[in-house]
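Here is a short briefing for a reader who is meeting this structure for the first time. Please look over the sequence and the model before going on.

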Amino acid sequence: MTTPAVSFEFFPPRNLDQSFRLWDTARALAPLQPDFVSVTYGAGGTTRQLTHEAVTALATHYGLNVAAHLTCVDATREETLQIVADYAAAGVHEIVALRGDAPQGQDRFIPHRDGFANSVELIEAIAARGDMTIRCGAYPEPHPDSPDTAADVAWLKRKSDAGATSAITQFFFDAETFFRFRDQCERAGVTAAIIPGILPIQSWAGARRFAERCGTTVPAWAEEAFAQVGKAGEAQLALDVCVRLCEELVAGGVDRLHFYTLNKPELVRKVCAALGVAPKGAISDAA
C-alpha cells in the first residue's frame, strides 16, 4: 500500500490547560512531517485572535507549514484582508478560506454589511494578492444550507475557479461517499485537489453529535458496531474503523489525508502508524 501524505487540524486554546494540550499535540504529531497543519476559527469569528496566536506559534516554534482558517463572519473586507496581511508578515502563506458558521444567536449566515458575502468572494480577494496558497472546504454530503450534492459540487467549482488549489472535505464514514463526490467533481471540471477529511472517533457520542451538526450520514453498520462493543471496546473499534476507511481511500487512489485531531494525538498517531506514516524526527525541548 502506498503511504499517504498527511495533514492535521488543530483548534486554538481558550485557557491554559488547552494551551498545554495543543502544544503537546503539536509536539507529538510534528515528527510525522505533515504537509501542513490547519488551525480552526471559532463560530462567529469568536477565536480570531486566539487562532492568529496559535498559527504564528506553531509556525515559529514547531517549524510547521500552517494554514490559518479564515471566515467571512462579522468582519469588514478591510478587516479580513488585514488579517491575511498580518499572516503574510508573520511568514504564514496558507489560508483555509471559508464562509463560516452563523454567529451565536443567529440561525443562518448573514454577511456583514461591508464584508464578503461568501467564500468565493473571499477566495478571489486573497488570490488577488498573489502570495497565498488557498484551501477551501468541500462537502461529500449536502451542506446544511445546500439543497443537494450537485449544488455543492457547482459551488466548489466556483471556489476552485476563484483560486483555491485544494479542498478539504467534511468528514464521512464510508469511502464510497468520498469516491462518488470525487467523481462528480471531476466530471464538473473541478481542478482543486480534493483531500478527504478524516475524523478519528475519540468518542462515539461526540462523533454522532458532530455528524448531526454538519449533515454527515451515520450508517447503520457504525451504529450497530459501536452499540455492540460498548464503552469498553470503543477505542479499539474506533482505531479499526479509521484505519479501514483510510486504507480503502488509499486503495482508491487517494494520496493525501487530513485528520481532524480535536487536539488529541494518540489515536491519530496509531492510525498513521498503521498506514506506514512513521516519525522522521523529534521536536527539540527548546522549541
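Is E247 buried, partly exposed or exposed? E247 is partly exposed, with a relative accessible area of 33%, where buried means under 20%, exposed over 50% and partly exposed in between (1.4 Å probe, protein chains only). This is a predicted model, in which local features need pLDDT of at least 70 and side-chain atom pairs count only at pLDDT 80 or more, while totals for chains, interfaces and linings use all residues. Residues are numbered from 1 along each chain as its sequence is written, and side-chain values use heavy atoms, with hydrogens and water left out.

- E247 sits in helix 8, helices being DSSP runs (H or I) of at least four residues and strands runs (E) of at least two, numbered from the N terminus.

**Strands 3 and 4**
- Strand 3 (residues 66-70) pairs with strand 4 in the parallel sense over 4 bridges, pairing needing at least two DSSP bridges, and A67 has E94 as its bridge partner in strand 4.
- From strand 4 (residues 94-97), E94 and V96 point one way and I95 and A97 the other, and all are buried.
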